[in-house]
Amino acid sequence: MSIRVAKTGNEAFAEAMRQINPDVVAAYPITPATEIVQIFSQFVADGIVKTEYIAVESEHSAMSACIGASAAGARTMTGTSSQGLALMWEMLYIAAGLRLPIIMSVVNRALSSPINIHCDHSDGMGARDSGWIQIFSENVQEAYDNIIQAVRIAEHPDVRLPVMATTDGFILSHCLEVAEFLDDDVVQKFVGDAPHRPNILDFENPITLGALDLQDYYFEHRRQVAEAMSKSIKAIDEIASEYEKLTGRRYDFFETYKLDDAEYAIILIGSTTGTAKDVVDELRSKGKKVGLMKIRVFRPFNYLKVRKALENVKVLGVMDRADGLNSFCGPLYSEICTSLYEANNRPLLMNFIYGLGGREVKEEDIENTFEHLFRAGKEGKTVNTVYIGVRE
Amino acid sequence: MPSIKDLAKREAKFVSGHRLCPGCGAGVVARHVMLAIDKPVVVGCATGCLEVSSTIFPYTSWATPFIHSAFENVAATISGAETAYRTLKKQGKIDKDVVFVAFGGDGGTYDIGLQSLSGAAERGHKMLYVCYNNQAYMNTGVQRSSATPRGASTTTSPAGKVIPGKVQFSKDIMSIMVAHYIPYAAQTIPGRWNDLVNKVEKATNADGLSFINVLSPCRLGWPHKPELAMEITRLAVETCLWPLYEVIDGKYKLNYKPKEKKPITEWFKLQGRFAHLLKPGNEHFLESIQQEVDRRWENLLKKCETN
């Protein structure tokens, strides 16, 4: 039914792509995501997938070709990172606006300038308003599970939006971890055949896709995209339940760790969560009532559920691995503020920016973060924004 | 090749109701190209006049599947659609023989779209790429492009007191495309329907990406009298500014040689964008343009002779 093997995040993404066996993959290599398409193109060369692989000349063309392929009814996948995702920016919005269920693995990496190849979440955060569903992963297992579920979410008739599943650059993309991989036929059965969509190879029902919308229709079509994003919450939940039956692994919009009775908690995204869980354990052993929340699905953001889970915390630290450069806070902080504004008991909130450009996050950085929260709780006031682990 | 009567009987895939200007070349080009293809066609269009004028929601002039995504990427978009078709056909999910056509203006082809066009040509996707070339960014209001001829006044290369319009000569896109070793490249005009239809037939039978550069008059940007649109394209051929030729598997073939080569001023005097050149004081500049047109024409003749 499944096997446990050690694989890197990139290998896990490539393996999932092999098992999904999409019709078309169009991609352009970029560090640290290169391996995904490298491994996958070998699958194509060896004839073990049915996929047609388009080795395009840029990420802009990668997403453009994905749009053409998906519009033609093909199940379509790609992968990228950082500058590549930034170069796709124009096309990300178009993929979502045309309601094309493209699936993309993104390896999160800092954006230039200065140029840097290591992890932070600025690339992903730059795509947060594009209409793509965004699912972040803490480890290799989650990356594998997320990209498989992404297919079903994207193609769900109530959703029909593109989905990106991400890993943290190098930390997950290049590090070996033991994970459980499903059998090929199990994955095939789970993803199934893509449900029929109107497409540009249907000559009996010719469509004009990408028409010019002016003042009289643009708003309605954008409203439909917003509606699809809202409806995706239910679809994501249903698909997670189905996946849980198959694997025993339960995925929610977020994961909580010792949060139920926590007075002090942090919220974060991605691979740092593992380190943070260790710190929570350590502080708990010292009698501190601490916990954490890890956001998995950033788009859509499940504001109501997040609020419910957080409203009894006394002091909350939001850890952003991307800066908002808005003179105040990072992007996750804004979401958490929005979630909590109507909470019955609003926690004290602090924002921490950490780990930019792959800056290592150690246990003492997380301890330091909690120290800030303890102090704020004691003094009844907060300071914003705190940069963790930077030379000021 | 079908007769014009046969063509007239074919079901139109680009139909009336679009909002292109009277006297615009793009509509004629689109209609001719679509009539010339007697198979199921998927059309892609770069952002530009043709796209915005033919697909104003909820209307469309395309009685065939159509996709527009952005400005610089119609070749990449159709690369994806064509690849999807190939795999779906292999899987037995589609049984038709489908032709893929990409339309781009000179902006979407020579400039912002050159990279994606080059990529698609190198990969060899089976599509016909048609550049409806009106020699400037007309959709945004007549800004110069690398296809704009020297001397033309545009809104970003205006004829002024010191500079007499665009200084540079146009880019030789045909040579660029031929350098990709594509199976078929051709230059034509809508003013000779038979030349255009013939070339579209050859192009769509080629194995790989084929490229057709069509001169497409713009009554607002050139500007010219709308009723002269087709005549102006024929005059461009007679002046050797726009030779009719094709390159089949790398071999050049001239399709028409004017009996008497007309001076470029014959072409210029029908268009407002060149009016300043015909005034006293610009003779030297005008002469430099004639020399370059002559040089390029001679070059082309040599290429055709060696074959």
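## Confidence in the model

In this predicted model, chain B has a mean pLDDT of 97, and 100% of its residues reach 70 or more. For the complex, the predictor gives an ipTM of 0.98 and a pTM of 0.98.

## The two domains of chain A

The domain assignment of chain A gives domain 1, covering residues 2-247, and domain 2, covering residues 254-388. The centres of domain 1 of chain A and domain 2 of chain A, taken over C-alpha atoms, are separated by 28 Å. Where these domains touch, 25 residues from domain 1 of chain A and 20 residues from domain 2 of chain A take part in the contact.

On the side of domain 1 of chain A that touches domain 2 of chain A, the elements giving two or more residues are α6 (122-125), β6 (133-136) and α9 (218-247) of chain A. Of these, α9(A) gives the most, with five residues. Sorted by class, the residues on this side of domain 1 of chain A divide into 13 nonpolar, eight polar and four charged.

## An open sheet of six strands

Chain A holds an open sheet of six strands, which follow one another in the order β10-β12-β11-β14-β15-β16 with mixed pairing. At the edges of the sheet stand β10 (254-257) and β16 (386-388) of chain A, each of which pairs on one side only. Neighbouring strands of this sheet are turned against each other by 25° on average, with direction ignored.

Within the sheet, strand β14 (residues 315-320) of chain A pairs with strand β15 (residues 348-354) of chain A in the parallel sense, over six bridges.

## Helices α11 and α12 of chain A

From α11(A), the contact is made by Y303(A), V306(A), R307(A) and L310(A), while α12(A) contributes T338(A), S339(A) and L340(A). By class, the contact of α11(A) with α12(A) has four nonpolar, two polar and one charged residues.

## Where chain A meets chain B

Between the chains, 38 residues of chain A are in contact with 38 residues of chain B. On the side of chain A that touches chain B, at least two residues each are supplied by β2 (24-27), β3 (52-55), α3 (59-71), α5 (89-97) and β9 (208-209) of chain A. Helix α3(A) gives the most to this side, with nine residues. The residues of the side of chain A that touches chain B divide into 23 nonpolar, eight polar and seven charged.

Strand pairing also links the chains, for β9(A) pairs with strand β2 (residues 66-67) of chain B in the parallel sense over two bridges. In this pairing, T208(A) stands opposite F66(B) in β2(B).

Notes
Residues are numbered from 1 along each chain as its sequence is written. Chains are lettered from A and ligands numbered from 1 in the order in which they are written. This is a predicted model: local features need pLDDT of at least 70, side-chain atom pairs count only at pLDDT 80 or more; totals for chains, interfaces and linings use all residues. pLDDT is the predictor's confidence in each residue, from 0 to 100. Two strands pair if DSSP finds at least two bridges between them. Helices (H or I, at least four residues) and strands (E, at least two) are DSSP runs, numbered from the N terminus. Axes are lines fitted to C-alpha atoms, for helices over the stretch in contact, and angles run from 0 to 180 degrees between N-to-C directions. Two residues are in contact if their C-beta atoms, placed from the backbone, lie within 7 Å. Ala, Val, Leu, Ile, Met, Phe, Trp, Tyr, Cys and Pro count as nonpolar, Asp, Glu, Lys and Arg as charged, and the others, Gly among them, as polar. Domain bounds come from an automatic or database domain assignment.
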